[in-house]
Amino acid sequence: MRLENWFITNPDTSQQEVLKVPINQNLVVKGAAGSGKTNMAIYRANQAGDNTFVIVVYTIALEKMIRYGLNELGLDRDRVVHEWSWIYRGIGVSGDLFCLSNSSPYGINGDLLILKNSEGLKFFVSRDKHNDYLQNGKFLDYSVSNIVDPLEVSIDFDDWVDDKFYYTFYRRARWFKQIQFNNFNFDLNDDTKFVFIPAGYLYKDKGVVNYVIVDEGQDFSLSTYSTYFISEAKKSLTIFGDTNQRIYRDRFCNIEDVASNFKYPILNLDFNYRIPKTIAKVAQMIPQPHIDLLTNNKKNNGNSDYPSFPKPIIKKCNSEEEEMQYILNRIQTEGMDDVAILLPKEDTVIKLHEFFSEHNIGTQVRIAIDIGVTPLGNRKFKRIDTLDFTNHDLPAILTYHAGKGTEFDNVFIPFADDDMGLERNPFYVAVTRGSSRVFITYSRKLTSLLKDVSPNDVIFQ
């Protein structure tokens, strides 16, 4: 994903109307795919003027992407959180997590956590022993001292981890307090002294939250707004969304309903900057009723129809294996970069990831792999998370859901068969991720979601 192209530096007239609304006022903003909603959420955060805002999203993939935009405006990248973490944890502190090794039964020291991120190293000791270490001026052989406004954090794990980590640190139970290490000069890659904590990360208490900003607001229920968003925002709530991208059946949340239910003013983002008219002609025929993605299309200053941009390709293959091979061949033959492969379910993401791995092709992916059971009979999962939206070279393999809010030059949508039970809104989300080309493949019967698309607007192969 070309984040430098995705991030807006010159808001248009309708986007400026959003930014004219004072940050202390509640607001709902609706706009079609590619209208700049996520960008405006980031700019809205900038209006807060301090770190008392939080941007809440439903997926971790979108969380990662928004961090880039916050960095661009010099804001705290950790002020974006996904819903589950917002409700059950707090605000994450990004970085890789390490601890010391020792001769205990588990082989690790549970009194120290080391966080490594773009700012360098941060050290956290058990909160209940923090003052003792300061009085002694030492932690083991390391000289320690106080730090101004020390950060207090707890540890959690993204999925199952080895028992040695769980029974040493637990989950969301122990708290640690930041401290200054004065003579730390070791390499964290030295596995004789340090242990990397897989799937482990830190979070801090929410603190003062004046402004809650919700992106992809159609992903949340009205009860979630009442219980977890409105009640937490001391000054205002801003919601960005698009009802046509609503993809969770159990929520049925229309952006218009949110505005009317809570009596918030609503503004529209009028223009589309992401998808060319070639893709818009296909995408606008997927929702029911159909929508207009052409009139206000500003992609390439409005010059984005064929032949300036290629028509989407719909290809019939003889098997799912052939579909995957077609994608691989096309990427390699044309030397494509900035590629996304979007799939309906996580099991198909795993399937494609394994196919690319077998062909020694690296990918960006976020999946959980079942690795058996614990002694108590609980399922164990290993999380593979290599998503890096600054990397244009490795194809990103995502579910339709995880792809929300993203955009890529080249989008492949395999397994688009009628018997796959594809749903209208998620499929619309997938098609509208493409900023240049879209390839749809199937091996049995093409999904009926495309039945209203004119044959003149696509290339059948």
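Biologist: Why is Arg 171 called partly exposed?

Modeller: Arg 171 has 33% relative accessibility. Buried means under 20% relative accessible area, exposed over 50%, and partly exposed in between, with a 1.4 Å probe and protein chains only. Arg 171 therefore counts as partly exposed. This is a predicted model, in which local features need pLDDT of at least 70 and side-chain atom pairs count only at pLDDT 80 or more, while totals for chains, interfaces and linings use all residues. Residues are numbered from 1 along each chain as its sequence is written, and side-chain values use heavy atoms, with hydrogens and water left out.

Biologist: What makes Arg 171 and Asp 156 a salt bridge?

Modeller: The term requires a side-chain nitrogen of Lys or Arg within 4 Å of a carboxyl oxygen of Asp or Glu. For Arg 171 and Asp 156 the closest N and O atoms are 2.7 Å apart, so the pair meets the definition. The two residues are 15 residues apart and link distant parts of the chain: Arg 171 is in the loop between helix H7 (163-169) and strand E11 (175-181), and Asp 156 is in strand E10 (residues 152-157). Helices (H or I, at least four residues) and strands (E, at least two) are DSSP runs, numbered from the N terminus.

Biologist: Is Asp 156 buried or exposed?

Modeller: Asp 156 has 0% relative accessibility, so Asp 156 counts as buried.

Biologist: What joins Arg 330 and Glu 334?

Modeller: Their side chains meet in a salt bridge, 2.5 Å from N to O. Both residues lie in helix H11 (residues 320-334), 4 residues apart, about one turn of the helix. An α-helix has 3.6 residues a turn, so residues three or four places apart point the same way. Arg 330, at 17% relative accessibility, counts as buried, whereas Glu 334, at 35%, is partly exposed.

Biologist: Why is Lys 451 called exposed?

Modeller: Lys 451 has 57% relative accessibility and therefore counts as exposed. Lys 451 forms a salt bridge with Asp 452, with the closest N and O atoms 3.3 Å apart. Asp 452, at 31%, counts as partly exposed.

Biologist: How do you know that the buried residues of helix H2 are on the same side?

Modeller: The buried residues of H2 (residues 13-20) are Ser 14, Gln 15 and Val 18. They cover an arc of only 105° around the axis, which puts them on the same side of H2. The arc is that of the directions from the helix axis to the C-beta atoms. On the other side of H2, Thr 13 and Lys 20 are exposed.
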